[in-house]
Amino acid sequence: MKVLGGWERVLILLIAAVYLGFGLGIEGFLSPYALADSTYNVSEKALLALAMALLVVAGEIDLSIAATMALASLAMGFAMRAGAGLPLMLLAAFATGAACGWLNGWLVTRCQLPAIVVTIGTLSLYRGLALVLLGDQAITGYPETLATWGNGSVGDLIGVPALIVPIEFAVLLVLALAVGLFLHATVPGRRLYAIGANPVAARFSGIAVDRYRLGVFVFAGLMAALAAVLLTGRIGSTRPNLALGWELDAVTIVILGGVAIEGGRGSIAGTLLAAVLLGSFTFALGMLNVAGLVMSMIVGLLLIVSMVLPSLGGRVRAAWQRHRMPAQA
Amino acid sequence: MKLALPELRREWVLLAIIAVIVGAVGARAPVFLTWRNVQDIANDSAILAILVMGQLMVLLTRGVDLSVAANLALTGMLCALAGRAFPNLGLVPLLMLACAAGALLGAFNGLLIVHFRLPPIVVTLGTMSAYRGAIFVASGGAWISDHEIHPLIKGLPRETLWGLPALVVAAALVVAFALWLLRWRREGRDLYACGGNPAAALVAGIPVSRRLMLAYTLSGLLAGLAGLLWVGRYSIAFTELAAGYELTVIAACVIGGVSIAGGVGSVGGAVLGVLFIGVINAALPVIQVSPFWQQAIAGVVILVSVVLNARSQRSPGRQILPRAQGVAA
């Protein structure tokens with residue numbers, strides 16, 4: 001199995017360029033603490049992107065994933081208000097996430113609807129429910145443990161202060177490894193590619209396509225819940241506009257990571273690398289005091305360029321070969 | 001003729017539902033049925049109708065344009081800036097600027113989609129953030145508020161033409177144009193063919209690339225026009241103007257029976273979809289439902305209408321090709 005294809009190598013080069021370029025240009029960018037800091041703003045989004053990668057590989061998409069986060073965080077907050085302990089709060093969050101994902105999957109598989117329309121609808125529904133339930137209020141006063149999960153480092157947890165890897169990033173790495181092994185090295189994972197490449201052929205070759213689709217949607221809901229728990233712990237409050245617009249960031253990471261939007265192609269390594277690239281890039285721009293919106297503009301342009309480049313490259317190569325053909329003949 | 005029946009019936013059903021809602025709300029609050037309120041709803045729906053006509057053309061080709069709201073905001077900001085810099089500018093140059101800027105932004109989408117064969121959803125996702133960021137760059141992040149907006153831009157939506165508000169007249173003209181294009185012009189009919197079966201359209205000699213360019217350019221042009229009207233109506237231009245509105249536009253199309261899978265949809269249905277959203281949004285405050293419910297209700301409506309769409313589209317398919325399906329199975 002080839003872990004690093006051509007596109008993944010390009011991403012590694014880009015990451016190296018970002019770290020070298022900004023490392024030389026910005027004082028303190030390459031210090032260990034800055035590096036650890038740079039993972040915070042991307043870890044939760046990357047968790048969403050991992051689930052989104054599975055969905056896109058299987059030919060689906062979930063635009064309601066960030067709204068699911070808001071509902072999961074809300075469920076956790078309400079559980080806390082009702083006097084539940086931490087385990088019950090987590091259960092509430094994960095159950096809500098799974099329920100949201102299941103509804104998406106049920107609508108897509110049972111009613112045979114395109115995922116993009118369904119999840120635009122449920123995006124409105126979930127976000128709207130969060131607004132209805134919480135209005136313009138916020139839930140605060142979460143237990144200390146949650147804040148530690150969101151802000152702490154692995155070193156604090158195991159008693160080695162020198163290890164300053166943030167817990168969120170460690171969670172991301174472990175999950176990326178697990179999802180990557182699942183997608184690339186197990187039969188169900190490989191079947192997701194078959195489903196994404198040609199769902200009809202996959203069905204005829206005996207794959208329970210709808211069951212896989214439903215499963216991936218539920219997984220996306222669970223990942224959204226996990227991201228919600230970490231984000232809520234990190235910022236310490238729940239608002240209805242939590243993670244607003246993050247679904248687009250997750251899609252951007254997945255596409256930048258080389259996953260084909262029409263399904264059937266892509267890798268988890270690419271997704272993770274794209275997340276790191278975006279995280280370090282936006283962190284560096286943040287250190288340079290670039291405004292958030294300009295950052296998102298640059299990310300948007302990056303997304304377009306990353307898609308145009310391979311196509312342009314192919315054309316240049318084809319022209320070059322046409323140019324050389326007569327000489328060889 | 002039998003083929004046209006379910007589609008026709010669907011639109012009548014939607015119209016009946018709207019009538020029932022209007023009647024029920026009117027019975028509870030007679031103020032809802034006043035001419036004044038009807039005008040308000042029409043005014044509020046006019047800009048949405050203009051955007052929906054552009055989106056309809058793109059959806060028919062099996063594409064989607066997520067950048068309409070960002071295009072609207074960018075063009076609106078450019079017009080506001082131009083109006084501030086040149087107070088002597090007339091209405092015609094302003095209108096031309098809005099249409100040209102919008103069309104250019106739309107054509108850029110089309111160029112990327114047609115020339116580089118990129119999926120529309122990803123391209124317009126990228127340009128959505130790129131255009132949004134460009135507003136920030138153009139305006140320096142500042143707001144252009146009421147007193148700085150060119151009086152002609154502010155005056156335009158408040159004009160009346162033939163006893164009707166100018167906004168409604170503009171929307172009616174755009175709808176009439178879309179109706180003419182999609183019903184009686186070869187270019188418009190080709191859009192249906194491109195979305196219904198792109199490969200067959202190409203084989204049948206339809207210049208698919210040019211038609212796609214046309215659809216995206218028109219969608220951009222209409223978004224630009226809507227931008228000028230939006231800035232005039234609300235008398236303000238800022239970076240986050242109409243953020244997230246692209247989902248409302250797509251929702252109106254889906255409610256109106258336009259298929260996201262391309263090739264299916266009518267101008268009449270789309271207009272009814274706009275009307276439905278307009279009526280719901282106006283009815284909620286009248287019957288004293290918290291505006292927080294708006295989004296959740298919109299989500300439910302989208303889901304219900306896509307499920308209904310799928311139902312009404314599946315049954316004719318079974319009747320037409322019973323034998324072909326038997327062979328395939």
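Helices (H or I, at least four residues) and strands (E, at least two) are DSSP runs, numbered from the N terminus. Just after helix H10 of chain B, B:Ser235 takes a positive phi of about 55°.

The model is predicted, and for that reason local features need pLDDT of at least 70 and side-chain atom pairs count only at pLDDT 80 or more, while totals for chains, interfaces and linings use all residues. Residues are numbered from 1 along each chain as its sequence is written, and chains are lettered from A and ligands numbered from 1 in the order in which they are written.

**Where the chains meet**

**Two helix pairs**

The table sets out one helix pair from each chain; axes are lines fitted to C-alpha atoms, for helices over the stretch in contact, and angles run from 0 to 180 degrees between N-to-C directions.

| Helix pair | Axes | Angle |
|---|---|---|
| H5(A) (residues 86–110) and H6(A) (residues 115–134) | within 10 Å | roughly 145° |
| H4(B) (residues 91–115) and H5(B) | 10 Å apart | about 145° |

A crossing is left-handed if the near helix is turned anticlockwise from the far one by less than a right angle, and right-handed if clockwise; H5(A) passes H6(A) in a right-handed crossing, and H4(B) passes H5(B) in a right-handed crossing. In chain A, the residues of H5(A) that meet H6(A) include A:Cys100, A:Leu103 and A:Asn104, and those they meet include A:Thr122 and A:Tyr126; this contact divides into seven nonpolar, three polar and no charged residues. In chain B, B:Leu105, B:Phe108 and B:Asn109 are among the residues of H4(B) that meet H5(B), where B:Thr127 and B:Tyr131 are among the partners, and by class the contact has seven nonpolar, three polar and no charged residues.

Helix H7 (residues 166–184) of chain B has 19 residues and reaches 26 Å from its first C-alpha to its last, close to the 27 Å expected at 1.5 Å a residue, the expected span being 1.5 Å times one less than the number of residues. A residue is buried if 20 or more other C-beta atoms lie within 10 Å of its own, exposed if 12 or fewer, and partly exposed in between, with C-beta atoms placed from the backbone. The buried residues of H7(B) include B:Leu167, B:Ala170, B:Val174 and B:Leu182. Seen down the axis of H7(B), its buried residues fall within an arc of 130°, so they line one face of the helix; the arc is that of the directions from the helix axis to the C-beta atoms. On the other side of H7(B), the exposed residues include B:Trp180 and B:Arg183. Helix H10 (208–234) of chain B is one of the elements covering the buried residues of H7(B), and 21 of the 27 residues of H10(B) are buried, so H10(B) is largely enclosed by the rest of the structure.

Key:
Contact = placed C-beta atoms within 7 Å. Nonpolar A, V, L, I, M, F, W, Y, C, P; charged D, E, K, R; others polar.
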